[in-house]
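Notebook open. I want to work through this chain piece by piece and jot down what I looked up.

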Amino acid sequence: MKNFQIIRALSSKSAVISIAKEKEAMFIAGGTNLVDLMKKNVVAPDKLVDITALDLKKIEFLTGKTSIGALAKNSQVAEDKAIIEKHPLLAMALTAGASQQIRHMATVGGNMLQRTRCSYFYNTDMPCNKRVPKSGCGAIGGSNRMHAIFGASDSCIAVHPSDMCVALAALDATVQVEGPKGKREIKFTDFHRLPGNTPEKDNTLQNKELITSVEIPNNNFTKNVHYLKVRDRSSYAFALVSVAAALDIQNNTINDVRLAMGGVAHKPWRLTEVEEFLKGKTVSETIFRQAADLAMKGARGYGDNDFKLTLGPNAIVEALTIASSK
Ligand SMILES: Cc1cc2nc3c(=O)[nH]c(=O)nc-3n(C[C@H](O)[C@H](O)[C@H](O)COP(=O)(O)OP(=O)(O)OC[C@H]3O[C@@H](n4cnc5c(N)ncnc54)[C@H](O)[C@@H]3O)c2cc1C
Ligand code: SF4
């Protein structure tokens, strides 16, 4: 690992100033992803700005929305009684991620910015356009069991590995950020990006902006929700496919619905067209199967991950069935 300097920021403003000036500086929060990347020489910052002392850990229930500080720990959010009551989908998705020990260290902001788990990205002996632009993609034509079936490009077929982000995309969250040019808000569904020709860019942050909080508008998705995660082991494994399903059901009719998938694209994959299809329909397995078939429009496999073309729709049907039967 390369030698680096570490400083502790005491305000968001000083954190942003410290990092903006230096090309190779990075923020560090829980360190559960960044330190692994540094040990493997995938990233090699000259300077780390430790943001853990910033006052960004609060969970607040404000008029019309919930605000979650970027430094709130994944376990803190998942176990918060009011979050479980108001946003059970988020609590379920967080609990499905990593292990309790990692959730105690991992922060909300860090979870959003965790890098892909594509094995070629972590192996500096292998080509990877995300790690070294224009070096090639080892996963296309290589080992790609974990990889994308939606929105991939000839440059990169990696997936975003987060569980939490799938729920936040479904819940219409927004991301509050602060940078050298001031503060701004980004829609959660616009935060992560598709790879295109620039897979080295995971998201739409500019100039090393600091994530300060995530906000979730109030909603009626407090009962009929389910986060289904299909993985190789029942703990400590990333999603092969996941589905965040939230339904607002009145007299067996779907009033409103949110649906997003994880493990299938470079970003949490929100299924807005499927949501429109489901609205106003009566709950039934036939409708859920039709919705799942619609969700697969445009999906393609790359060899090892072809099984996701079957697993994906089956997971959607199961998630909707479990959510609607609560
Ligand atoms: C063995 C293992 C299993 C895991 N399994 C899962 C899983 O199943 N599901 C899942 O979702 N996740 C999983 N994770 C990932 C884990 O959730 C992330 O590593 C964690 O959320 C990252 O948060 P952190 O605070 O430690 O981030 P760090 O490692 O400190 O930082 C990650 C990145 O975010 C940047 N950053 C951090 N905070 C901010 C901020 N506020 N503003 C701007 N930039 C910031 C850092 O510069 C860095 O680039 C797993 C991790 C491990 C090690
Ligand atoms: S899929 Fe993306 S992250 Fe994986 S090797 Fe290809 S370019 Fe790199």
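My entries on this structure follow below.

**Ground rules.** This is a predicted model, so I note that local features need pLDDT of at least 70 and side-chain atom pairs count only at pLDDT 80 or more, while totals for chains, interfaces and linings use all residues. Residues are numbered from 1 along each chain as its sequence is written, chains are lettered from A and ligands numbered from 1 in the order in which they are written, and side-chain values use heavy atoms, with hydrogens and water left out.

**Domains and record.** I looked up the division first: domain 1 covers 5–52 and domain 2 covers 224–324, with bounds from an automatic or database domain assignment. Their C-alpha centres lie 36 Å apart. UniProt, in an unreviewed entry, lists residues 1–221 as "domain: FAD-binding PCMH-type"; its positions are in the numbering used here, the feature name is shortened, and such annotations may be inferred rather than shown by experiment. I get 28% helix and 19% strand over residues 1–221, with 46 Å between the end C-alpha atoms. Helices (H or I, at least four residues) and strands (E, at least two) are DSSP runs, numbered from the N terminus.

**The five-stranded sheet.** In what order do the strands of the open sheet run? I read β4-β5-β8-β6-β7, with antiparallel pairing; two strands pair if DSSP finds at least two bridges between them. β4 (59–62) and β7 (182–187) are the edge strands with a single partner each, so one side of each has no neighbour in the sheet. From one strand to the next the twist averages 25°. Four bridges hold β4 to β5 (residues 65–69) in the antiparallel sense, and Ile59 has Ile68 in β5 as its bridge partner. I also found helix α1 (residues 12–20) lying across β6 (174–179) and β8 (210–217), at about 65° to β6. Axes here are lines fitted to C-alpha atoms, for helices over the stretch in contact, and angles run from 0 to 180 degrees between N-to-C directions.

**Strand β10.** Is β10 (residues 241–250) buried or exposed? Nine of its 10 residues are buried, so the rest of the structure largely encloses this strand. Buried means under 20% relative accessible area, exposed over 50%, partly exposed in between (1.4 Å probe, protein chains only). β10 and β11 make a hairpin with two residues between them, and Asn251 in the turn has a positive phi of about 50°.

Contact means heavy atoms within 4.5 Å; beyond four places in sequence, Leu89 touches residues including Ala167, Val225 and Ala246.

**Ser143.** I found Ser143 in the loop between α8 (119–122) and α9. Its relative accessibility is 41%, so Ser143 counts as partly exposed. Which residues is Ser143 in contact with, leaving aside neighbours within four places in sequence? I list Tyr120, Gly138 and Asp304. Ser143 and Asp304 are 161 residues apart along the chain, yet their C-alpha atoms are separated by 6.6 Å.
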